[in-house]
Amino acid sequence: MIKIAKYKVEITGINTGDLKVLDNEEMFNLFKKLKAGDTSVRNIIAEGNFKLVLSILKKYQNRVENMDDLFQIGCVGLLKAIDNFDLNHEVKFSTYAVPLILGEIRRHLRDNRNLRISRSIKDLSYKILKLKEEYFMTKGKELTNSEIAKILDIDEINITIALEAMREPVSIFEPIYNDGGDTIYLEDQIENNKDKSTNWDNLISLNEAVKSLKEKERQIIKERFLIGKTQMEIAEEIGISQAQVSRIEKDGIENIKKKLL
């Protein structure tokens, strides 16, 4: 069983603190042996990068119940990266491996999700992801959405829709920030729209009430509260005293209140 603490992942029977992490020189020498046909070093490379998989799993600790399965899926991506890595890519192995590990994990979560996605969008997203993965394996860099659109001869917006549709859902109880005090969850950042229908009713009623005002009342209310003019500015503009503007404004507000009661 895998346990994920705040800063580390624990696998039952393994002390993750003892897991070996290979440095760049060790990785280079092992890959040279692997490419020369010495397959015995494949497991050494994999074990030396388990911490890379574990670091990626932290992202999913609040979304997935069975982290054991996800670790195994992540290791599939790790082995794919090992088998396809080319020293001529001139990038670190970790840089090359992370997208492939994430790809396997996301593919697994997509295929086991409860949210239904249309077959056409799902097929397009698989085609895009396969193209991105193959391109990354051969070129060592990511394709942009505009480049994918040209290759597949479809609108770029369809690329965005397909990729966004296949993102795994995020719980509103997902913690997004913790500075050692109270945790801030995603739900805390979501606008509360529960009373929007009531707000629309109020706006409609207010609009009708303003329409029922006398012309001068409506003009003064509009200039005072929509445009933001002072009573003195309005008085000078329409040629009456400030006291008159104040009285008309007060009468207008009282008439609106009566309509809303």
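A: What follows is a description of the aromatic pairs and their surroundings. This is a predicted model, in which local features need pLDDT of at least 70 and side-chain atom pairs count only at pLDDT 80 or more, while totals for chains, interfaces and linings use all residues. Residues are numbered from 1 along each chain as its sequence is written, and side-chain values use heavy atoms, with hydrogens and water left out.

Rings of Phe, Tyr and Trp (its six-membered ring) pair if their centres lie within 6.5 Å, and planes under 30 degrees apart count as stacked, over 60 as edge-to-face and the rest as tilted. By this rule there are six aromatic pairs. In one of them, the ring centres of phenylalanine 50 and phenylalanine 71 are 5.6 Å apart and the planes stand at 70 degrees, so this pair is edge-to-face. Because phenylalanine 50 belongs to helix α3 and phenylalanine 71 to helix α4 (residues 67-84), the pair ties together parts that are 21 residues apart in sequence; helices here are DSSP runs (H or I, at least four residues), numbered from the N terminus. Phenylalanine 50 is buried at 18% relative accessibility, and phenylalanine 71 is buried at 12%, where buried means under 20% relative accessible area (1.4 Å probe, protein chains only).

Tyrosine 96 and phenylalanine 136 form a stacked pair, with 5.1 Å from centre to centre and 20 degrees between the planes. Since tyrosine 96 lies in helix α5 (residues 93-111) and phenylalanine 136 in helix α6 (residues 119-139), this pair ties together parts that are 40 residues apart in sequence.

Notes:
Helix = DSSP H or I, 4+ residues; strand = E, 2+ residues; numbered from the N terminus. Buried < 20%, exposed > 50% of the residue type's maximum accessible area, 1.4 Å probe, protein only.
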